[in-house]
Amino acid sequence: MKNCVTKYLTLAAVGMVSFVSGAFVIKKMETVPLTVSIVQEAEKIIGQHFSPAEADSMLNMLNGFNTSYESLHKLNMPNSVVPALNFNPVPVGFIMPDAKSGFKLDKMSGLKIPANKDELAFYTIRQLAELVRTKQISSVELTQFFIERLKKYNPKLLFAVTITEEHALKKAAEADAEIKAGRYKGILHGIPFGVKDLLAQKDYKTTFGSVAYKDQQLNVDATVVSKLEAAGGILIAKTTLGELAMGDVWFGGKTKNPWDITRGSSGSSAGSASAVSAGCLPYAIGSETLGSIVSPSTECGDTGLRPSFGRVSKYGAMALSWSMDKLGPIARSVEDAAIVFNTIQGADGKDLSAIAAPFNYDGSVKSLKGYKIGYLKADFDRAYYGSGANKRVIPNHTTDSATLVKLKELGAELVPIDYPQMPVGAMIFILDAEAGAAFQELVLSHKDDQLVQQHKNAWPNIFRASQFISAAEYIQANRARTLLIQAWYEKLKGLDLYITPSSSTNLSMTNLTGNPCVVLPNGFNQRGRPMSITFMGQLFGEGKMLQAAKIYQDATDFHKKHPALNF
């Protein structure tokens, strides 16, 4: 879920570790009586200064904290246990963008199965569903087709942890029997899909992409999996993720970009993005905490939807950051993303952070006339980065500027907006604090030494450094986050949505505020690799956001281009 992270702290001498990390010493796993000198050294890490008398006065309480930490560590809580705190992204005075729910798709008729069935690899959900509905192809045939492609390309692209062949063929046969009997469930009935391997499916392992969990099997089905299967979907793959949701390197290797296999697919929804791009899955579920749907969708030329925080239940999903994790589809088109989102969104009574909200989407709308679309002017105006001899052209400046022109042509009113004056980067350690808690057991047990990547910016070091984050500062950062949410809500009032370059301050900021986005191709660089633009919605404003993005996508053809797969 986290594409990249910055190491905030360098661990101090071993003697200090026992105090700040609580009831354990990372090297010795034992409590150490605290002294004034230890407190005075440790205060340097938290940016405070106490007099010797003040430090001495704290010792009884600090030793008491250590005893409490030791007791809590003995609980050995699994990743599935959530804190008794729920993040709520709703600002003061908030009104839901959609007054009621509705879902209308664009028209489709007269579709015939292609003479060359290999073309099915890049058909949309809509197209495949029409062929299944009209019985031009069975779900079993379609499932076998995509399983064969998974097997063919996985050895090179490394996008699948597990191909769920036995389960998939059984479910596909059931779907065919239901459709034959006239019990057609809708557009996802009989259509294969994949899920990032941090989502549980009770019959298969859920590895988190990690050496430490590669044999883990969870005896539950994630809500997202249950909802898609209830709609008739056919789970055919558990896709790769960068280990514990960072990047594209997992215990089996590095997931590749189908457009250029010398490059990784980015992450952490690495396998979902790569497999969809390569025509090996019609769609797949990814997750995002800080760019992990946006980044690999950009790298691989997919359309990726990151919903509002709380829109989709995270029950049965690995937790990295309880207040920032989000689940969403990676697909071939905006309408495909809308179809999947319509199925998986909504509260389920199992994830207490899930929020029920109306979703109103009309895919038949053809014009942006009447839409007020904001754009982050400073980001679109910036054509270069660096200075002097290091000055470089921003690669996506030309394509992003062309997107603004196209939106005007389609009838939109463009409104310049700017960022709130808030230290967004200073709040990102919220993620590190929560991740450090979610995987503290790896630090306590030294299993963090088993993880594939061990460099300074990799998870092991971040998990260790996060043990030093002050609870008071974590709370202060969340208070600042409340101010950010309110400030951004006020900035966006009166807009239907806004657009932004896919990689900017906006990416970090909106993963904190909880706003939804959909990222889609808007051009190619000089080396032929895809670039993207991001449509951003009001909180719980996925309906207007997806409608506008579809109108733009229908007026372009970038999403219809596919990698050659010459390897």
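Ser 268 is found in the loop between strand S8 (260-264) and helix H8, where helices (H or I, at least four residues) and strands (E, at least two) are DSSP runs numbered from the N terminus. The model is predicted, so that local features need pLDDT of at least 70 and side-chain atom pairs count only at pLDDT 80 or more, while totals for chains, interfaces and linings use all residues. Residues are numbered from 1 along each chain as its sequence is written, and side-chain values use heavy atoms, with hydrogens and water left out.

The peptide bond that leads from Gly 267 into Ser 268 is cis, with omega near 10°. Helix H8 itself, which spans residues 270-277, is mostly covered, since 8 of its 8 residues are buried, a term that stands for under 20% relative accessible area, against over 50% for exposed and partly exposed in between (1.4 Å probe, protein chains only). After H8 comes Gly 279, with a positive phi near 75°.

Most residues other than glycine have a negative phi, and most peptide bonds are trans. Against that background, Phe 208 has a positive phi near 60° although it is a residue other than glycine; Phe 208 lies in the loop between strand S3 (192-196) and helix H7 (223-230), and with a relative accessible area of 3% it is buried.

Leu 244, likewise not a glycine, has a positive phi of about 55°. Its place is the loop between strand S4 (234-239) and strand S5 (249-250), and Leu 244 is buried, with a relative accessible area of 0%.

In strand S9 (residues 284-288), 5 of the 5 residues are buried, so the strand is largely enclosed by the rest of the structure. The cover extends to both faces of S9: Ala 284, Gly 286 and Glu 288 on one side are buried, and so are Ile 285 and Ser 287 on the other.

Two strands are taken to pair if DSSP finds at least two bridges between them. By this criterion S9 pairs with S3 through 2 bridges in the parallel sense, with Gly 194 standing opposite Ala 284 of S9. S9 also pairs with strand S11 (residues 326-331), here antiparallel and over 5 bridges, and the bridge partner of Glu 288 in S11 is Lys 326.

## Strand S13 and its partners

Strand S13 (residues 372-376) is largely enclosed by the rest of the structure, because 4 of its 5 residues are buried. It pairs with strand S16 (residues 413-417) in the parallel sense over 5 bridges, and Ile 373 stands opposite Leu 414 in S16.

Strand S17 (residues 497-501) also runs parallel to S13, to which it is joined by 3 bridges. The partner of Tyr 375 in that strand is Ile 499.

## Aromatic rings

A search of the whole structure finds 21 aromatic pairs. One of them joins Tyr 153 and Phe 567 edge-to-face, at 5.9 Å centre to centre and with 75° between the planes. This pair links distant parts of the chain, 414 residues apart, with Tyr 153 in helix H5 (residues 139-157) and Phe 567 in the segment after helix H18 (542-554). Tyr 153 is buried, with a relative accessible area of 9%, whereas Phe 567 is partly exposed, with a relative accessible area of 31%. Trp 488 and Tyr 498 form an edge-to-face pair as well, with 5.4 Å centre to centre and 85° between the planes. Because Trp 488 lies in helix H16 (residues 471-492) and Tyr 498 in strand S17, that pair ties together parts that are 10 residues apart in sequence, and both residues are buried. Rings of Phe, Tyr and Trp (its six-membered ring) pair if their centres lie within 6.5 Å, and planes under 30 degrees apart count as stacked, over 60 as edge-to-face and the rest as tilted.

Phe 208 returns here as a member of a cluster in which ring pairs link Phe 208, Tyr 213, Phe 439, Trp 459 and Phe 463.

## Charges over rings

Lys 391 lies over the face of Tyr 384, at 4.4 Å from the ring centre, and Arg 481 lies over the face of Phe 87, at 3.8 Å from the ring centre. The criterion is that NZ of Lys or CZ of Arg is within 6 Å of the ring centre and within 35 degrees of the ring normal.
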